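User: Hi, I've got a new structure to look at. Can you walk me through it?

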Amino acid sequence: MKILVTNDDGIFSPGIKALARAMSALGEVYVVAPDVEQSAVGHGITVRRPLRFKHTAAAGLDPIPAYRVDGTPADCVVLGVHLLGRPDLVVSGINIGVNLGLDLTHSGTVAGAIEGTSIGIPSIAFSLDVNSRAEMDFEPGAAEAVRIARWVADHGLPEKVFLNVNFPVNAPRGVRITELSTHHYEDAVVERVDPNGVPYYWIAGKPTGSEDPGTDLWAVRDGYTSITPISLDLAEHGFMPVLRAAFEG
């Protein structure tokens with residue numbers, strides 16, 4: 001089994017080290033990750049400048065081969081597949097911080113799994129809830145990630161579907177299969193003025209969302225690993241008959 005590991009926190013993140021080493025239990029692993037943090041870049045692909053792809057022993061992953069790319073997580077998957085051979089599985093993470101609910105649309109970690117899925121490779125995104133007052137511990141999540149990845153390797157995933165997995169702060173109490181919550185960042189725009197008197201802006205915000213039972217946010221906050229199957233088929237099929245009646249014929 002050949003496994004491509006990527007992330008959006010960058011090739012030097014402790015989360016990708018934990019995930020890559022754990023995945024070695026399942027087969028041949030290689031890492032292709034951004035050279036710097038690419039959080040919240042979404043599913044961007046770099047098309048207007050060249051990309052660099054460089055083996056990086058300094059990532060501290062030996063004997064696992066690790067390559068850094070000066071681009072997005074989606075770029076990393078594209079280059080990894082084309083330059084190193086098509087893997088059997090793409091795993092992205094372990095992200096520092098959860099990717100829940102509506103956050104999925106801008107998550108670079110999730111975008112790595114989206115890119116793998118879009119080219120027909122079973123893919124999983126992994127993220128860890130963090131507590132600023134406690135040391136991050138990726139090991140319980142990494143062990144759980146192996147169990148989930150092994151199941152996907154054995155059973156596959158439906159076409160256009162990937163798994164979005166979020167681990168709680170502490171060792172998981174178990175697993176819950178969940179729906180997406182309303183978790184998102186409530187945006188705020190902060191205006192500043194530069195030394196020349198010209199205004200500039202920061203997009204800021206704080207996480208919010210409802211912990212409804214059965215959702216990913218509820219599961220993680222209750223101490224469980226949340227697994228949500230996500231489909232790339234974004235069409236709202238139930239609304240199509242209304243539109244057909246209105247516009248066709």
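User: What should I know before we start?

Analyst: This is a predicted model, where local features need pLDDT of at least 70, side-chain atom pairs count only at pLDDT 80 or more, and totals for chains, interfaces and linings use all residues. Residues are numbered from 1 along each chain as its sequence is written, and side-chain values use heavy atoms, with hydrogens and water left out.

User: How many residues are in the largest nonpolar core?

Analyst: It has 34 residues. A nonpolar core is a set of buried Ala, Val, Leu, Ile, Met, Phe, Trp, Tyr and Cys residues joined through side-chain atoms within 4.5 Å. Buried means under 20% relative accessible area, exposed means over 50%, and partly exposed is in between (1.4 Å probe, protein chains only). Val5, Met23, Val31, Val91, Ile124 and Phe126 have the most contacts inside this core.

User: Which elements supply at least two residues of this core?

Analyst: The helices are α1 (14-23) and α4 (139-155). The strands are β1 (2-6), β2 (28-34), β5 (89-96), β6 (123-128) and β7 (161-167). Helices (H or I, at least four residues) and strands (E, at least two) are DSSP runs, numbered from the N terminus.

User: What does valine 5 touch?

Analyst: Its contacts include Ile16, Leu19, Ala20, Val31 and Val91, leaving out residues up to four places away in sequence. Contact means heavy atoms within 4.5 Å.

User: OK, helix α3 next. Is it buried or exposed?

Analyst: Helix α3 (residues 108-118) is largely enclosed by the rest of the structure, because ten of its eleven residues are buried. Among them are Val110, Ile114 and Glu115.

User: What covers the buried residues of α3?

Analyst: The cover includes β1, α2 (73-84), β5, β6 and β7.

User: Switching topic. How many salt bridges are there?

Analyst: Five. A salt bridge is a side-chain nitrogen of Lys or Arg within 4 Å of a carboxyl oxygen of Asp or Glu. One of them joins aspartate 129 and arginine 221, at 3.5 Å from N to O. Aspartate 129 sits in the loop between β6 and α4 and arginine 221 in helix α5 (residues 216-221), so this pair ties together parts that are 92 residues apart in sequence. Aspartate 129 is buried at 12% relative accessibility, while arginine 221 is partly exposed at 43%.

User: Which residue forms a salt bridge with arginine 147?

Analyst: Glutamate 144, with the closest N and O atoms 2.8 Å apart. Both lie in helix α4, three residues apart, or about one turn of the helix. An α-helix has 3.6 residues a turn, so residues three or four places apart point the same way. Arginine 147 is exposed at 52%, but glutamate 144 is buried at 13%.

User: Now β9 and β10. Do they run parallel or antiparallel?

Analyst: Antiparallel, with ten bridges joining β9 (residues 184-193) to β10 (residues 199-208). Strands pair if DSSP finds at least two bridges between them. Alanine 188 stands opposite alanine 204 in β10.

User: What about the turn of that hairpin?

Analyst: Five residues lie between the strands, and glycine 197 takes a positive phi near 85°.

User: Last one. Which residues form the nonpolar patch on the surface?

Analyst: Phe239, Val242, Leu243 and Phe247, with about 420 Å² of accessible area together. Patches use residues with over 30% relative accessible area and no salt bridge; like charges are joined within 9 Å, nonpolar side chains (Val, Leu, Ile, Met, Phe, Trp, Tyr) within 5 Å. Accessible areas come from the Shrake-Rupley method with a 1.4 Å probe; for residues, only the protein chains shown count as cover. Valine 242 is in helix α6 (residues 240-247), and it counts as partly exposed because its relative accessibility is 48%.
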